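Thanks for making time this morning; I would like to walk you through one model, going from the overall fold to a pocket and then to the aromatic rings. Please have the sequence and the structure open while I talk.

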Amino acid sequence: MANSIWKSYPQLGEKLDLTTDYIHQMVKINNLDISSMIIDLTSGGKMLRPAFFLLFSEFGNEKKSTTDLIPLAASLEILHVATLIHDDVIDDSPMRRSQPTIHTKYGRRNAIYAGDYLFTIYFELISQNLVKNTDILRNALSMKRILIGELDQMCINFNVKATTDMYLKEISGKTAELFSLSATMGAVVSGGDQELVKRCKEIGHDIGMAFQIIDDILDFSSSSETGKPVHEDLRNGVYSLPYILGLESGNKDLIAILSKEELTDSDDEKATNIVIDDGYLNHAKEIARQFTQHALEEIGKLPKNTSRRVLTEVVKQLVNRIK
């Protein structure tokens, strides 16, 4: 069944269930252990990227059947899950969506191959279901930007001189690009004109930026929200926006803590308290709201239909995850 976020939108939820079923058929391999874990990974998420693709496909002049749309919706979620598997290996994350990660159970080698395998399925699906070479190239370039965003993270890791601009550039590739691609491809496959495609691309980008910043903020709440250990990124030297805002402001206490080679539980607690007490967490929330507000303004310029209403409600629901 589709994630509870879609319970108010049964028609979309039904399409997402069909997308999940399609994915499960595509990712089956003889290694039943790995196949089972991949299927679990593609079952427990919000399915935001395929959902946005399906919603944005309602704004062009060419109405596509659900049968035509499902393979492309599936390709976006498969690409997303492939990046998650590789992220978990790189970060040595023990949990994903409240379940042990593939590399934790079966080793890094098998996890990397599993992620690579999903990349091949992604390209298989877009090659089979996109008519124009330019649209296939659009997907390939998006994947390139996603990977560049991941590599840009090296400039921030364990870097107490990291800036907000560096962070925003990183997540623009790592996270926002796939949201942007989902929205863009929805407009493209439905025959949207150049202006519509451009607007959808910008909306997807802003949604993705807000989504990542909100995820950073939720890391200050509990693992039940994110499905991974609290403050895991901080221990790995991956500084999220609230910490970077503190570093950028020249907070000496925070800089001193994060300059240590290894953080203790006490260091973790002190750094967290600084970020909260000195207002950096609230500042991050405001930046997330700015991206969200811009997305909502641009959504309001889309053709008026049911999908526009759903998009507006879902985007508001995502930002409301933070108080």
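**Overall fold, a pocket and the rings**

What we have here is a predicted model, and its secondary structure comes to 16 helices and 2 strands. On confidence, the protein averages a pLDDT of 92, with 96% of the residues scoring at least 70. Among the elements, the highest mean pLDDT, 98, belongs to helix H3, residues 48-56, whereas helix H10, residues 223-226, has the lowest, at 48.

As for overall dimensions, the C-alpha trace spans about 55 × 50 × 35 Å along its principal axes. The radius of gyration is 20 Å, and this agrees with a compact globule, because a globule of 323 residues would have a value near 20 Å. Of those 323 residues, 53% count as buried.

Let me turn to the second largest pocket, which has a volume of about 370 Å³. Which residues lie nearest its centre? They are Lys64, Val131, Asp135, Val188 and Val189, out of a lining of 17 residues. The elements that contribute two or more residues to this lining are helix H4 (66-91), helix H7 (133-152) and helix H8 (164-189). Sorted by class, the lining of the second largest pocket holds 7 nonpolar, 6 charged and 4 polar residues.

Finally, the aromatic rings: a search of the whole structure finds 5 aromatic pairs. Ring pairs also link Phe52, Phe179 and Phe211 into a cluster, and Phe52 falls within the residue range of helix H3, while Phe179 falls within that of helix H8.

Conventions: Residues numbered from 1 in each chain as written. Predicted model: local features only at pLDDT ≥ 70, side-chain atom pairs only at ≥ 80, totals over all residues. Heavy atoms only, no water. 1 Å grid on protein atoms, 1.4 Å probe; cavity = no way out; pocket = protein on both sides within 12 Å on 5 of 7 lines; lining within 4 Å. Points joined across faces, edges and corners; volume = space filled by probe spheres on them. Helix = DSSP H or I, 4+ residues; strand = E, 2+ residues; numbered from the N terminus. Nonpolar A, V, L, I, M, F, W, Y, C, P; charged D, E, K, R; others polar. Phe/Tyr/Trp six-rings, centres within 6.5 Å; stacked < 30°, edge-to-face > 60°. pLDDT = per-residue confidence, 0-100. Rg over C-alpha atoms; globule rule 2.2 N^0.38 Å. Buried < 20%, exposed > 50% of the residue type's maximum accessible area, 1.4 Å probe, protein only.
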